[in-house]
Amino acid sequence: MSAPKRQDTRKLFENLSGQGKSIAVLTSGGDAQGMNAAVRAVVRMGIYVGAKVYFIYEGYQGMVDGGNNIREASWESVSSMLQVGGTVIGSARCKAFRTREGRLQAALNLVQKSITNLCVIGGDGSLTGANLFREEWSGLLDELLQKGAISEEAARSNSALHIVGMVGSIDNDFCGTDMTIGTDSALHRIIEVVDAIMTTAQSHQRTFVLEVMGRHCGYLALVSALACGADWVFFPEMPPEDGWEENMCQKLSENRADKKRLNIIIVAEGAIDCHNKPITPDYIKDLVVRNLGFDTRVTILGHVQRGGTPSAFDRILASRMGVEAVLALLEASPGTPACVVSLVGNQAVRLPLMECVQMTQEVQKAMDEKKFEDAVRLRGRSFENNLSTYRLLCNHKTDSELPHSSFNVAVLNVGAPAAGMNAAVRSAVRVGITEGHKMFAVSDGFEGFYKGQIKEIKWGDVGGWTGQGGSLLGTKRTLPGKHLEQIAQQMALHNINALLVIGGFEALESVLQLYEAREHFEEFCVPLCILPATISNNVPGTDLSIGADTSLNALVETCDRIKQSASGTKRRVFIIETMGGYCGYLATVGGLAAGADTVYIYEEPIDIRDLQGNVEHLTEKMKTTIQRGLVLRNENCNENFTTDFIYQLYSEEGRGVFDCRKNILGHMQQGGAPSPFDRNFGTKVAAKAVQWLTKTMKESYKGGRVFANSEDSACLLGMRRRAMVFQPVAQLKQETDFEHRIPKEQWWLKLRPLMKILAKYKTSYDVSDSGQLEHVGRFRAKEGDPSTAI
């Protein structure tokens with residue numbers, strides 16, 4: 001970005017002053033993990049821009065009751081709430097607000113505090129109520145004026161009410177956003193339970209029927225089924241056809257015959273059949289016991305799904321949305337419609353609130369009219385993609401019914417292990433078999449490739465892989481460069497027609513070497529595809545990599561525990577070293593999710609004056625009611641300012657105010673079971689990659705063989721802002737800093753000012769990338785668009 005542009009955006013941000021404005025934040029409806037992170041972001045961003053910020057306790061009930069329920073928030077009042085589940089400002093269902101008298105009282109309470117900016121965090125009911133309140137505002141003020149409850153001056157200065165919504169709902173049932181606040185954390189709770197149940201089910205060869213939340217929306221059921229490799233799933237948007245009982249029992253029976261020791265069936269609480277008759281867990285249990293005689297148990301998860309600490313994803317999502325909500329309120333004019341801040345792909349957008357609400361209501365209408373395909377389409381691209389991937393993977397066809405191609409596809413892992421790699425391999429193998437290909441697994445990366453460790457891999461061989469961490473295929477950092485001849489021989493020997501490489505930076509380097517060797521070895525003239533999988537998230541061409549989310553959760557969970565270890569002691573600052581090589585993604589995004597005070601990374605060089613400023617800043621904060629500080633340092637941020645140096649500097653300078661401790665997190669960040677996001681992301685991108693390989697093989701099949709040597713036949717599949725895009729590796733070469741193994745441009749650097757603002761630093765925040773008001777239909781994918789978002 002050129003300097004003048006940066007100056008302009010800086011000016012633009014400073015124009016958005018909140019001086020003289022009052023913002024109130026409330027949470028309403030069902031609670032969701034991550035609501036506190038959103039409240040914290042709204043409060044701190046509001047104070048940062050000079051506005052007064054108020055908490056409204058107990059949702060709309062507090063707004064109607066007024067008094068002590070509407071209190072001014074301070075910077076310190078939202079300290080230590082980032083990691084707390086639920087909502088600390090309370091939420092309540094409110095009958096009074098549904099009446100005009102209730103809303104009249106609420107308006108009076110807001111006017112008395114000069115609050116004309118409202119940030120509502122809740123579901124579609126809460127947001128609809130807020131919009132009605134806004135539409136009635138001028139009428140309510142006129143009525144209050146006539147009654148003599150407010151002065152003409154008060155009516156004039158509070159004449160317009162601005163509303164911005166954030167969707168907090170674990171069901172992910174709101175149209176217009178890919179993920180609502182709380183959904184990812186709810187998936188964490190479900191998958192924790194499923195993983196635990198799988199071990200006991202395996203011991204006794206049991207069938208488990210699990211009921212998850214989702215009265216009107218099957219997102220939790222669908223994604224958890226994808227993430228744990230469930231045998232069958234029931235949810236409202238896809239009722240099974242007549243005869244499903246027989247089909248399901250046959251599938252369960254086949255799975256047992258294939259030596260599978262357990263069966264998992266997931267049911268959304270709103271599951272129905274095609275005649276709108278409810279399908280209950282007990283009905284399914286009785287069916288399985290009666291028809292198959294399997295030992296079957298029912299587990300109803302209930303409110304466990306709403307509880308617990310928010311995941312890293314939900315904290316980051318809520319923090320980004322909270323800051324975006326304040327910007328939207330500052331930019332609002334009297335004519336601006338109420339909007340919701342939303343996430344599409346990896347980008348924040350603003351959408352008219354009522355368009356989203358109407359679309360959400362249309363889903364229910366379509367389901368009532370049994371137009372289930374329409375309901376799925378209205379749910380949006382994220383839901384559609386999950387469903388199409390599930391349909392690909394829950395293949396109910398016999399071998400004789402599958403299409404048959406003469407293509408052989410090899411899959412391998414390269415580089416360091418990353419959680420989610422196994423889910424990607426499983427998905428690739430099963431989708432490949434469904435497309436009619438023969439799938440081959442290569443053990444130990446390119447080292448195994450040149451040694452001939454290649455064997456065919458079947459449907460049953462990858463059963464139960466989704467929840468396993470590390471790399472079951474085995475992975476090495478060896479690059480193919482020195483062994484090209486042996487690898488070419490192995491490709492010819494096994495007649496490999498396409499290659500799927502799942503790995504980190506080494507995967508990119510490897511495929512580049514194969515691509516560049518095509519002129520010498522015809523065997524490499526086949527479609528080549530990379531799926532980025534690395535905890536460092538340092539591969540160019542993608543915003544997110546498989547494995548990074550699991551690592552972030554491990555980092556954030558540890559930071560929470562480390563901070564908690566000091567509770568009850570005197571003031572303490574923790575210096576924590578993270579992994580990531582030269583890439584500061586883990587440290588920065590982990591710092592945002594854990595509430596770090598400072599994060600040191602290679603991409604943002606530091607000098608001794610910066611360190612001094614940071615220590616002084618933290619010392620001033622620690623003189624208030626704040627008890628604990630958190631400083632993250634990327635392992636390669638600076639060769640001289642080591643973790644020890646920073647620890648000693650803070651210890652010396654903070655003497656008498658706080659003491660210090662240091663932790664090096666190490667390989668703990670690489671281990672563990674994959675998070676639901678990584679399982680799901682790995683599953684979907686691998687399915688998409690195999691479909692692309694199939695298409696490219698068919699297009700390049702000439703004279704009895706596959707021959708692909710064009711630039712666009714060697715690609716990396718990555719998420720770019722809103723879309724999944726296949727990008728030629730030859731083009732990505734220009735975008736890469738090979739010496740430091742990082743992309744030249746990194747999107748997450750835009751999150752650093754946001755992190756600094758939330759840590760009370762004065763900084764300039766680039767608002768050129770903040771969401772502009774769009775319409776719901778605008779970002780719908782076109783049919784067959786290869787770059788549709790996940």
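The buried residues of α13 (buried being under 20% relative accessible area, with a 1.4 Å probe and protein chains only) pack against α12 and α14 (381–393), where contact means heavy atoms within 4.5 Å. This is a predicted model, in which local features need pLDDT of at least 70, side-chain atom pairs count only at pLDDT 80 or more, and totals for chains, interfaces and linings use all residues. Residues are numbered from 1 along each chain as its sequence is written, and side-chain values use heavy atoms, leaving out hydrogens and water.

Helices (H or I, at least four residues) and strands (E, at least two) are DSSP runs numbered from the N terminus. In α13 (residues 372–379), the buried positions are Phe 372, Ala 375, Val 376, Leu 378 and Arg 379. They cover an arc of only 165 degrees around the axis, so they lie on the same side of α13; the arc is taken from the directions from the helix axis to the C-beta atoms. Just after α13, Gly 380 has a positive phi of about 110 degrees.

Helix α12 (residues 353–368) lies across β10 and β11, at about 85 degrees to β11. Such angles run from 0 to 180 degrees between N-to-C directions, with axes fitted to C-alpha atoms, for helices over the stretch in contact.

Both strands belong to an open sheet of seven strands with mixed pairing, in the order β3-β2-β1-β4-β5-β10-β11; two strands pair if DSSP finds at least two bridges between them. β3 (70–72) and β11 (347–352) stand at the edges with a single partner strand each, so one side of each has no neighbour in the sheet.

Methods
Buried < 20%, exposed > 50% of the residue type's maximum accessible area, 1.4 Å probe, protein only.
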